[in-house]
Amino acid sequence: MRKVCILLLILSLLCAPCASLAATLTADPAAATAEMSDTLYGLFFEDINHAADGGLYAELLQNRSFENQDLLDPKPHQHYNGWQFNLKNKGKAAAVPTGDDPLHANNPTYMRITVEAAPYLLSNMGYASTAFSGGVPVDAGAQYDFSVWMRNTGDYTGGITVAITDRSANPLSEAFAITPTGSWQKFEHTFTSQATADACLTITLEGTGTLDIDMASLMPRERFGAEWPGGGLRTDLVETLMALNPSFLRFPGGCVAEGSYVWANAYNWKDTVGPVEQRRENFNTWGYMQSYGIGFFEYFCLAEALGAEPLPVVHSGLLCQAREVREAPLTMEATRAYGQDILDLIEFATGDASTPWGSLRAEMGHPEPFRLNYLAIGNENWDNIYFDRYAVLSQMVKEKYPEITCIVAAGPVAEGALPQHSWHQIRTRFAEDLVDEHYYMDSAWFLKNVGRYDRYPRTTMVFLGEYAAHEPVQGGRRPNNLYSALCEAAYMTGIERNSDLVRMACYAPLLARDGMFQWTPDLIWFNARDVLLTPNYYVQQMFAATVGDHVVESALEGEGLYHVVTRTEDALYVKVVSLAETETPLTLTLPGVPDGTAGFVQLCGERRMTNAFTAPDRIVPADGVCPILGGVAETVLPAYSVTIFTFPLAQ
Ligand code: AHR
């Protein structure tokens, strides 16, 4: 008998569900406390990882204007990047990057081709990674808008045709014939692709003699913002941004906004506006050329399309302090002169069409002013060398545009003497400005610091401009796994609870092209055709879709759980993150919440799980419902999960 009892006991233990101790959460919707920010969750867009060129920008051709040059180590062959010459190996020609009498002074290089034996082929391979995945992705039956600038130097005779081709130059579309004249001229055509392929764009020179080629462009007809002067954006990526429901858009960097090493690399917003062939390309801090097809006009248009506050970042008279700096900061006098560029930017965005810069915006297609309430001066800067320049520049802005909130940088780290010094300076000198904190820390740090902002004085407001939970590197990248996303979610409960102080927050970086990235982890991955959403993306999306207007007092008892409760007039949002290894029964006591059902959205899975292009739906949010009766709801939280309940409130 005793043996049977022991056996039964062992069996019952083995069969018991894997559950943590039960947890309880209580919140009284009537006990609303801090008012929440209505700009809490937004986006930080930087052209890193080919986020713009080769990414969001709809241009399918790489190095379309032959400007490609490494600023620090220029070599003539770099002008050929992205192109293949003489693909059929039948012709003979000299293709020489040339600068005499260019299309525009800001677009100084073009390709001069002298054909001796035809046919000579010139093919743009698009944004192909090393294994040629992607190239110029085309779909059977789809249309592609092509344009190119050409000039016959005087002695070219014979035909010129352009077509979408495969990588052996076999046509995949109709051919378009061009007859260039003696001056620069733009030629345009819309191709229809006959095949779905990783293709090329091939220009076939069937004659002999010399001609000049510049600004070859191919964009899918179906794109977002095709009417913008830059040409538009990749629709699927815009849709993933829209689905995040962002309340602001920070751009264009990051380090890109500052420039690295030398002043020629600094981001000058004036280089990025006007007709696209007149924008001055620049080498990117991250190792590739920026075409500026997405320039400041397009950033403002994108923010408007997203319903987001535009939040431009300009440099502060310093090159990126985190990198080896080869040239001195601007002197204080030069900083004051540079301040006029910032005022011009504000005029470009908000001035009426009779002002010099407002008229350029109007010419570009937006006669109405853009919204502009925020401006960041500096990215990751510190020490008095920065704060003295920030003082000059922010003063110039405030004098002319007092309605704009200036954003001051607190440096690139979360803890220690550097941010302490920054905060001291800021509280003493710029207490009314918004303070931009950046930190990339390991996942454990985020859990340990959920209460970081509980302790901040409420005198100066915070913008968490860059953050992400970093997991150990695996296979050459830090993974966007569920655990990192849940640690961020746990941290975000602390952000929401302190949203009277933390007015804005955005994950970084936003986008990465598979096979062509410089930084991991990233919120959204993509390749030439597909978009891959990470668990971190879903966390951002779930939180941004359920922002209350007030924090609600609440208490939770349970192991490994993090939470926040907020409300609007008609809904109570309960967010619970579980880092417990087993499921947790949870009783929610919510006095005054009417009987009925709450909808919930939940993300869960195995701790180290990631999504992949081959398995994009391993971790995706699922919807459910949870009954509530007499102000009490019972549920079970899965291990490693985040659940957001929406309880309807009586009005
Ligand atoms: O988000 C990537 C980089 O991280 C940003 O450019 C920079 O601000 C930070 O160091």
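1. Basis of the note. Because the model is predicted, local features are reported at pLDDT of at least 70 and side-chain atom pairs at pLDDT 80 or more, while totals for chains, interfaces and linings use all residues. Residues are numbered from 1 along each chain as its sequence is written, and side-chain values use heavy atoms, with hydrogens and water left out.

2. The ligand site. The ligand is surrounded by 13 residues, and the closest are Glu-46, Cys-255, Glu-380, Tyr-440 and Glu-466 (a residue counts as near if one of its heavy atoms lies within 4 Å of the molecule or strand).

3. A polar side-chain atom of Glu-46 is placed 2.6 Å from an oxygen atom of the ligand, a polar side-chain atom of Tyr-440 lies 2.7 Å from a ligand oxygen atom, and for Asn-379 the distance from a polar side-chain atom to an oxygen atom of the ligand is 2.9 Å. A polar contact is a pair of N or O atoms within 3.5 Å; within protein, one must be able to donate a hydrogen and the other to accept it, and residues adjacent in sequence count only if both atoms are side-chain atoms.

4. Helices α6 and α8. Helix α6 (residues 332-350) packs on α8 at an angle of about 40 degrees, with the axes 9 Å apart, where axes are lines fitted to C-alpha atoms, for helices over the stretch in contact, and angles run from 0 to 180 degrees between N-to-C directions. The two helices, α6 and α8, are therefore oblique to each other; angles under 35 degrees count as roughly parallel, over 145 as roughly antiparallel, 65 to 115 as roughly perpendicular and the rest as oblique. Residues in the contact (heavy atoms within 4.5 Å) include Tyr-338, Ile-342 and Leu-343 of α6 and Val-392, Leu-393 and Met-396 of α8. By class, the contact of α6 with α8 has nine nonpolar, three polar and four charged residues, with Ala, Val, Leu, Ile, Met, Phe, Trp, Tyr, Cys and Pro counted as nonpolar, Asp, Glu, Lys and Arg as charged, and the others, Gly among them, as polar.

5. Helices α8 and α9. Helix α8 (residues 383-400) also packs against helix α9 (residues 417-429), at an angle of about 25 degrees and with axes 11 Å apart, and α8 and α9 are therefore roughly parallel to each other. On the α8 side the contact includes Phe-387, Asp-388 and Ala-391, and on the α9 side it includes His-421, Gln-425 and Ile-426. The residues of this contact of α8 with α9 divide into three nonpolar, four polar and three charged.

6. Helices α11 and α12. The axes of helix α11 (residues 482-497) and helix α12 (residues 535-544) come within 8 Å and cross at roughly 25 degrees, which makes α11 roughly parallel to α12. Among the residues that meet are Ala-485, Ala-489 and Met-492 in α11 and Val-539 and Phe-543 in α12, and the contact of α11 with α12 has seven nonpolar, four polar and two charged residues.

7. Backbone details. A cis peptide bond, with omega of about -15 degrees, joins Ala-508 and Pro-509, and Pro-509 is in the loop between β22 (502-505) and β23 (511-513). Another cis peptide bond joins Thr-520 and Pro-521, with omega of about -5 degrees, and Pro-521 is in the loop between β23 and β24 (524-526). His-50, a residue other than glycine, has a positive phi near 60 degrees and is found in the loop between β2 (43-44) and α2 (52-56). Helices (H or I, at least four residues) and strands (E, at least two) are DSSP runs, numbered from the N terminus.
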